[in-house]
Amino acid sequence: MDFNQLISIIVSTANFYAIWLILSLSLNYEYGYTGILNFGKVLFFSLGAYSSGFLAANLANIMAGVSFDICSVEAVQLRLDLAKAVPQLPLLVFVASLIMGAALSAAVAYLLYISTSRIKEGFVLGIILLSAGETSRIVVRNYEPVVCGYHGLVGIPNPYTAAGDPTTASFLLSITIWVIAGVAFLFINKLTATPYGRKLKAIRDNELAADIYGKKPSHERRKVLMIGSAMAGVAGVLYAYYLGFVAADDFTSLKTFDIWVAVMLGGVGNHLGAVTGSLVVTLIDRGTRVLRVFLANLSIPLETLYLRWIIVGVLMLLILMYRPAGIIPEKSIKTLGLLRIIERIKREKT
Amino acid sequence: MSDLLVVDRVSKSFKGLKALDEISINIKPGHIYGIIGPNGSGKTTLFNIITGVLKPDSGQVIFDGRRIDVLEPNSIYNLGITRSFQLPTLWLNMSVAENLMLPPKQQVGENLRKAFFKKAWETQDMQLSDMVWQTLETLKLKQVALNKSSEISGGQMKLIELGRTMMSNPKLVLLDEPTAGVNPALALEIFKIIKEIKQSMGLTYVIIEHRYDMLFANADYIYLLNEGKVVSEGSPEKVINDPVLAEVYLGA
């Protein structure tokens, strides 16, 4: 393995990690803090990706004043040519996709939430989200105008085409992905290390008591699901732009459960847990792929992709047996008020 | 003085079982009311109706001149009614201190948008911690303040139930068996605390209690419930001497 290969493996792992991280943080916000059983995370992730593909393809057609089938070879060529001719355009479309992905995900989250909000049991929402995710995947897979159905949509141009050199452009995109993941981490931390986070945890721990003590469980859950879904939508846009390709079959419910595994492994109700858990899941996912190429080079006929499921399963069992609260267990939200109480107790003990 | 709370001919049944049968009670401000009655007489259902957990089949509940039986529990709380539960319903994965920090109303930092601005809520959170400290002191819970509320004893859980009502700055407090599972010395202490708060802050209490000795010694007015109806009411002396009391409990 030469140096360049190693660099590209590291960069791609970091990109996948950053995208996974945004998803895990959003699920931890929804489930870890608020107790929403979001079994449909992949739906909102996919909506972001579909938005990117749909916008990139249709805007190219509109700009060029043609009506190509967005899946045709001409359309793909048009997108790439247009990006070269107007190098600033892909960046604008990228930003528009981020906005559209986030808004669409939040809107769908809102609709799905209010459809079940009269039913108190949280698992009903969970099942609705799960089936909505699968349904939308199957519809998009068979309905070509969204992202070319079964074959997927190719030729989403790199947003930094203006940089000229493709290596620089993809490096800039990677940095953008990392920065957005970092911002997501700071955002969610700043938001929840507060009385607001405390209120969400109360809703999670006992909805009735939260309601009796003046919090509005349903209202808050709806907002949390919308914000979390918008985050997942952003992750989906980044994913589509990073791969330059969108296909519905990439968004099976297995992806949702990968994110659940990341959150459970890392530690529920703790953002550092999501950071750790998603790192573990990404490393297993990418590691087994690299191993497969490595073994193939040595002519060892071993399919390592299945190894991934075994490792994840064993890890999950071990965690549940020995560290049920996850690698980094939940801690109290240390607002200034709580810190003051801790300090007073320490002082009394000495 | 006008009534703080009026329960007006409220009925509630569960699949044919009549839990409340056209019950009416009036609560005047600044007193301690006791509600007694055998198991299944509708005491807790009454609390659930007043706090909006259940909606009445018929009748209405008026608090402070406002009809509340159509409101959600959180709106009723914000109008000034707080309650404790018979079986502790704490936020179990959170510390005792956090359980007490949650009830106060109008916490700026609980607002999604304002949470981002630490300056907007930090002072309030600090002031809150003083209140929590006082409550912990009163209830002698300092040694467990940082423990998860799932790790403490049943009696201590009941104390946090009471502590949360103390933290919520209400007009009316409904206590569902505040001394169940609490040792006698502490039970006496609880009633002492309730009396003190009532006097210092002019609160009104409605207490469901099976320890009649303590309740009768502290309450100003007693409602005796049986099968969802008020069968006797008045001063503790009056209810104690009412032959209905023995009839209800002994089935004589």
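A residue is counted as buried if 20 or more other C-beta atoms lie within 10 Å of its own. By this criterion, helix α8 of chain A, residues 195-205, is mostly covered, with 11 of its 11 residues buried. The structure is a predicted model. The buried residues of α8(A) are A:Pro195, A:Tyr196, A:Gly197, A:Arg198, A:Lys199, A:Leu200, A:Lys201, A:Ala202, A:Ile203, A:Arg204 and A:Asp205. Within chain A, these residues pack against α1 (3-33), α7 (166-192), α9 (207-212) and α10 (217-243). Their packing partners also include α3 and α4 of chain B.

Chain A contains 14 helices and 2 strands. Its radius of gyration is 22 Å, close to the 20 Å that the globule rule gives for 350 residues, so chain A is as compact as a globular protein of that length. The C-alpha trace of chain A spans about 75 × 50 × 35 Å along its principal axes. Of the 350 residues in chain A, 47% are buried. Among contacts in chain A with a separation of 6 or more, 76% are between residues 24 or more positions apart.

A loop position in chain A was also examined. A:Asp69 is placed in the loop between α2 (41-64) and α3 (73-85) of chain A. With 13 other C-beta atoms within 10 Å, A:Asp69 is partly exposed.

The contact between the chains takes 31 residues from chain A and 40 residues from chain B. On the side of chain B that touches chain A, α2 (73-79), α3 (96-101) and α4 (118-138) of chain B each supply at least two residues. The most is given by α4(B), with 8 residues. By class, this side of chain B has 21 nonpolar, 11 polar and 8 charged residues.

Two open sheets of chain B are described here. In one of them, 4 strands are arranged in the order β2-β1-β4-β5, with antiparallel pairing. β2 and β5 (66-67) of chain B stand at the edges and have a single partner strand each, so one side of each is left without a neighbour in the sheet. Helix α1 of chain B (residues 43-50) packs on this sheet and touches β1, β2 and β4 of chain B. The direction of α1(B) makes about 65° with that of β2(B).

B:Val6 has B:Asn26 in β2(B) as its bridge partner, while the partner of B:Lys12 is B:Leu20. The hairpin of β1(B) and β2(B) has 2 residues between the strands. B:Lys15 lies in the loop between these strands and has a positive phi of about 45° although it is not a glycine. B:Lys15 counts as exposed, with 4 C-beta neighbours inside 10 Å. β1(B) is also joined to strand β4 (residues 58-63) of chain B by 5 bridges, and the two run antiparallel. In this pairing, B:Leu5 stands opposite B:Phe63 in β4(B).

The other open sheet of chain B has 6 strands in the order β6-β7-β8-β3-β9-β10, with mixed pairing. Its edge strands are β6 (81-83) and β10 (229-234) of chain B, each of which pairs on one side only. The twist from one strand to the next averages 20°. Strand β9 (residues 221-226) of chain B pairs with β10(B) in the antiparallel sense over 5 bridges, and B:Asn226 has B:Lys229 in β10(B) as its bridge partner. α1(B) packs on this sheet, where it touches β3 (32-36), β6, β7 (172-176), β8 (204-208) and β9 of chain B. The direction of α1(B) makes about 145° with that of β7(B).

A positive phi also occurs at B:Glu177, a residue other than glycine, with a value near 50°. B:Glu177 lies in the loop between β7 and α6 (184-201) of chain B. B:Glu177 is buried, with 20 other C-beta atoms within 10 Å, whereas B:Lys15 is exposed.

Notes. Residues are numbered from 1 along each chain as its sequence is written. Chains are lettered from A and ligands numbered from 1 in the order in which they are written. This is a predicted model: local features need pLDDT of at least 70, side-chain atom pairs count only at pLDDT 80 or more; totals for chains, interfaces and linings use all residues. Two residues are in contact if their C-beta atoms, placed from the backbone, lie within 7 Å. Ala, Val, Leu, Ile, Met, Phe, Trp, Tyr, Cys and Pro count as nonpolar, Asp, Glu, Lys and Arg as charged, and the others, Gly among them, as polar. The radius of gyration is taken over C-alpha atoms; the globule rule is 2.2 Å times the number of residues to the power 0.38. A residue is buried if 20 or more other C-beta atoms lie within 10 Å of its own, exposed if 12 or fewer, and partly exposed in between; C-beta atoms are placed from the backbone. Two strands pair if DSSP finds at least two bridges between them. Axes are lines fitted to C-alpha atoms, for helices over the stretch in contact, and angles run from 0 to 180 degrees between N-to-C directions.
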